[in-house]
Amino acid sequence: MAWLRRDPTGVRDLTVRAVLFKGTRDLLPIYALYGVLFADHGLSTAQISLLLAIWSVTAFLLEVPSGAWADTVSRRGLLVLSCVLQAACFALWMLAPSFVGFALGFLVWGVAGALESGTFEALIYDDLVARGEPSAYARIMGWARGAQESTVLVAILAAAPLFALGGYELVGWVSVAVGLLHTLTALALPSAPVAISATAVDDLDDDDPAPGPVGPHVKPGAASASAPPSNSHGSTSSRYLAMLRTGLSEALHVRRVRRGVLLGALLYGVTAFDEYFGLLAVSGGASTSTSALLVGVTVAGSLIGSLSAGRTEVVSNRTLAIALFVAGILFVAGALAVGAAQGPALVWVGFVGIGIAYGIDFNAEVIAGARLQDAIEGPARATVTSVSGLLSEIVALGVFAFVAVATQWLAMSTTIALLGLVIVVAAALTPTWLPPRPTAARDRTENATPDQEGEHG
């Protein structure tokens, strides 16, 4: 427990803690079966889509407010609360397995997701800035995302034997226990300072809300300053509103940040189609247990894509765009192959194609997230990151709504295949919307005129 109480002593220690946090976040066997769980309790595809929409709407409403909160109070404290709420979701599902119980669980899970979104990324990045090691961010996030995807794979593979031993009840309560373990890993994260002093935050009330260039990452002299908790409700509210205003302003008015926010939201939001992979497998003739293994194939793809992000972060925008275009074609072809399958072989081939595409999209999303963090120059890092999270929820809601409506007339495989076209659209936007690499961005800032530096507009 002593290890939990002290802050990381170096970048390697920080990496281990970030990996443990992300790795336990999705070590949830219920992931592989909750779509089928809902169906087995009598819910239709439309009702399942409504549940997923409740999940996304909750996160949508709280995304940016929680980001500003994370720029005002303890980020580690918010992450601990997020972990507890996630465990509570699965407990609700087990105690009240009905539409209402599932909906309440998703409501709680949506709050948990909003509290984490943007908070974790900002905490890690600001801790690295305080150490003078911001270039390690992409590598750490690649490993953390890889840990997340690998434990998803472990959880999915464990779902079949757990289901065979104890049904949905065992799968669900094991997921609750993992949620509590996840809470311990949140306690081990650093209490990294927000990269701005308390005085500077208060001064923002009198400043231009549109942040200009303040150095490569943070305000000069502010990296090691923390905003101590205040006993004044008014002071806390003032800082919260200042952070909210500043973060929204940077996300909306600084071109390279705005485009990075939008591209990241599109790349991540469209992955909401993974909620239907289990149903896609079943529609192709796979059994419940086999569907879990097929979903595992897609997770393996996302794992490989995430782990390679530290290396591929140096690729050009054009190369990444080509990779995304190939991914979109593979995704469409894979989904159609599952729908046309007359036996298990073609179903597996289709899911391999989907898995490769999924991995490329995840790789691109990690790269886009790292480039966005480097592009953010103002103090409200979690708020800006949460704007991207908010927009990704809008994309996810569009995915859920599209599936709910389209499956009234189209087969599940055709519906999912059409969603692959969004990846093709992201490929077309990547050359101009992906923020430049940090070195290129710094060179451009050094050579720019005062009117060019902020790229406002």
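Start with Arg-145 and Glu-365, whose side chains meet in a salt bridge at 2.7 Å, N to O. Arg-145 sits in helix 8 (residues 137–187) and Glu-365 in helix 16 (residues 344–375), so this pair ties together parts that are 220 residues apart in sequence. Both Arg-145 and Glu-365 are buried.

A word on where this comes from: the model is predicted, so local features need pLDDT of at least 70 and side-chain atom pairs count only at pLDDT 80 or more, while totals for chains, interfaces and linings use all residues. Residues are numbered from 1 along each chain as its sequence is written, and side-chain values use heavy atoms, with hydrogens and water left out.

As for the terms, a salt bridge here is a side-chain nitrogen of Lys or Arg within 4 Å of a carboxyl oxygen of Asp or Glu. Buried means under 20% relative accessible area, exposed means over 50%, and partly exposed is in between (1.4 Å probe, protein chains only). Helices (H or I, at least four residues) are DSSP runs, numbered from the N terminus.

Searching the whole structure turns up eleven salt bridges. Three of them look like this:

| Pair | N to O distance |
|---|---|
| Arg-145 and Glu-365 | 2.7 Å |
| Arg-75 and Asp-126 | 2.9 Å |
| Glu-313 and Arg-371 | 3.1 Å |

Next, the side chains of Glu-313 and Arg-371 form a salt bridge. Glu-313 lies in the loop between helix 14 (309–312) and helix 15 (317–340), with Arg-371 in helix 16, so parts 58 residues apart in sequence are tied together. Glu-313 and Arg-371 are both buried.

There's also a salt-bridge network, which links Lys-22, Arg-25, Asp-26 and Glu-116.

Now for the greasy spot. Ile-322, Phe-325, Val-326, Ile-329, Leu-330, Val-352 and Ile-356 make a nonpolar surface patch with about 580 Å² of accessible area together. Helix 15 and helix 16 are the elements giving it two or more residues, and helix 15 has the largest share, five residues. Patch residues have over 30% relative accessible area and no salt bridge, with nonpolar side chains (Val, Leu, Ile, Met, Phe, Trp, Tyr) joined within 5 Å; areas come from the Shrake-Rupley method with a 1.4 Å probe.

Key: Patch = residues over 30% accessible without salt bridge, like charges linked within 9 Å, V, L, I, M, F, W, Y side chains within 5 Å.
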